[in-house]
Amino acid sequence: MSKIGIIGLGHVGRLLAHQLLVTGMGDELVLIDRDDQLALAVQTDLRDAAVALAGHPKIIIQDYAALRDAQVIVVAVGKSSLIADQPMAELAFNHDAIKQVAAQVKASGFTGVVLNLSNPNEAVTAYIQQQLLLPPKQVLGIGTVLETARLHRAIAATAKLAPASVSGFVYGQHDGQQVFAWSTVRVNGQSLDQTINGHHLDQQQLKINADLDNWYTLQGLGYNASAVCAWAARIIRAILTNEQLALPVAIFQPQYEGYVSFPALIGRQGIGNLLLLNLYPVEQAGIKTAAATIGQQVAALQRMDENND
């Protein structure tokens with residue numbers, strides 16, 4: 001029996017709940033939002049949808065105590081992409097919601113894995129871990145998973161190959177200091193300094209193409225709900241099945257003395273082994289810069305706590 005909690009039923013939270021329903025992931029869903037009417041509406045809509053499906057998961061709303069024996073809780077609170085180029089404004093907006101949620105999750109006795117989707121992702125993930133006092137390996141964020149997916153798609157489109165042919169990671173900070181680790185990128189086992197499927201791949205142009213994907217989505221929608229939910233569901237499946245899936249999620253990385261997006265294996269206990277690949281010095285420096293920025297954001301969250309006391 002699997003139980004999954006989703007806290008925050010905005011665009012992302014309710015779309016994720018729908019995706020988990022239609023894919024049959026989760027015998028029980030616990031859905032929580034500060035708006036009781038919204039939570040009831042989502043529950044009713046999902047129950048109506050379940051009639052068309054083979055599975056009929058139990059859907060519980062507005063009950064933090066029900067999270068006690070959940071395997072995974074997804075945090076999707078606050079207002080994502082409030083001001084895309086002002087992460088500190090978004091941080092301040094999300095602070096109070098995160099603090100209230102963390103207090104109630106902690107009181108429930110929950111001991112599973114937390115997946116954070118709220119932004120700024122790495123800093124908020126670190127703050128959630130501090131509030132819940134769970135082992136760091138059990139609190140992760142979506143990190144630069146989307147940025148990595150966009151990079152794979154940009155490379156595949158240029159090389160006229162399937163995205164599954166591409167491996168490699170973007171490190172650093174979601175919606176911030178992103179480090180395109182070209183040293184890790186392979187296309188069917190070939191590095192980018194080789195001709196790939198008859199095509200020369202220019203790193204700068206690939207980065208531009210990957211960034212444009214994000215720009216097009218935000219200009220038209222204002223958020224990345226579908227992509228975020230698809231990857232969140234992928235991470236949840238890896239946790240429930242103990243898959244040991246390698247993704248660049250927001251994790252505590254001792255080398256950088258805090259949370260940063262870094263590739264690691266994901267399984268039942270959350271984060272397993274880190275993928276310690278040989279990076280170029282400039283890539284290592286970029287990750288260090290990202291970690292410093294994230295550290296400043298975490299410190300700002302802590303100061304907000306002090307000002308509220």
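The expected span of a helix is 1.5 Å times one less than its number of residues. The legends below describe close-up views of a predicted model.

**View 1. Helix H8 and its buried residues.** Helix H8 comprises residues 281-308. Its 28 residues should span 40 Å at 1.5 Å a residue, and the end C-alpha atoms lie 41 Å apart, which agrees. The buried residues of H8 include the glycine Gly 286 and the alanines Ala 290, Ala 291 and Ala 300. Also buried in H8 are Ile 287, Ile 294, Val 298, Leu 301 and Met 304, together with Glu 283, Gln 297 and Asp 305.

**View 2. Helix H1 and the elements that cover it.** Helix H1, formed by residues 11-22, has twelve residues. From its first C-alpha to its last, H1 reaches 17 Å, close to the 16 Å expected at 1.5 Å a residue. The buried residues of H1 are Val 12, Gly 13, Leu 16, Ala 17, Leu 20 and Leu 21. Among the elements covering these buried residues are the strands S1 (3-7), S2 and S4 (72-75), as well as the helices H2 and H7 (225-241). H1 is followed by Gly 24, which has a positive phi, near 70°.

**View 3. The pairing of strands S2 and S3.** Strand S2 (residues 28-32) and strand S3 (residues 58-61) run parallel and are joined by four bridges. Glu 28 stands opposite Lys 58 in S3. Between S2 and S3 the chain passes through helix H2 (residues 36-50), giving a right-handed β-α-β crossover.

**View 4. The cis peptide bond at Pro 120.** Most residues other than glycine have a negative phi, and most peptide bonds are trans. The peptide bond from Asn 119 to Pro 120 is cis, with omega near -10°. Pro 120 is located in the loop between strand S5 (113-116) and helix H4 (121-132).

**View 5. Positive phi at Gln 62.** Although Gln 62 is not a glycine, its phi is positive, at about 55°. The residue Gln 62 belongs to the loop between S3 and S4. Gln 62 has a relative accessible area of 28% and is therefore partly exposed, since this class lies between the limits of 20% for buried and 50% for exposed.

**View 6. Positive phi at Asn 197.** Asn 197, which is not a glycine, has a positive phi of about 55°. Asn 197 is found in the loop between strand S8 (178-187) and helix H6 (203-220). Because its relative accessibility is 44%, Asn 197 counts as partly exposed.

Definitions and conventions:
Residues are numbered from 1 along each chain as its sequence is written. This is a predicted model: local features need pLDDT of at least 70, side-chain atom pairs count only at pLDDT 80 or more; totals for chains, interfaces and linings use all residues. Side-chain values use heavy atoms; hydrogens and water are left out. Two strands pair if DSSP finds at least two bridges between them. Helices (H or I, at least four residues) and strands (E, at least two) are DSSP runs, numbered from the N terminus. A crossover is right-handed if, with the strands pointing away from the viewer, the path from the first strand over the helix to the second runs clockwise. Buried means under 20% relative accessible area, exposed over 50%, partly exposed in between (1.4 Å probe, protein chains only). Contact means heavy atoms within 4.5 Å.
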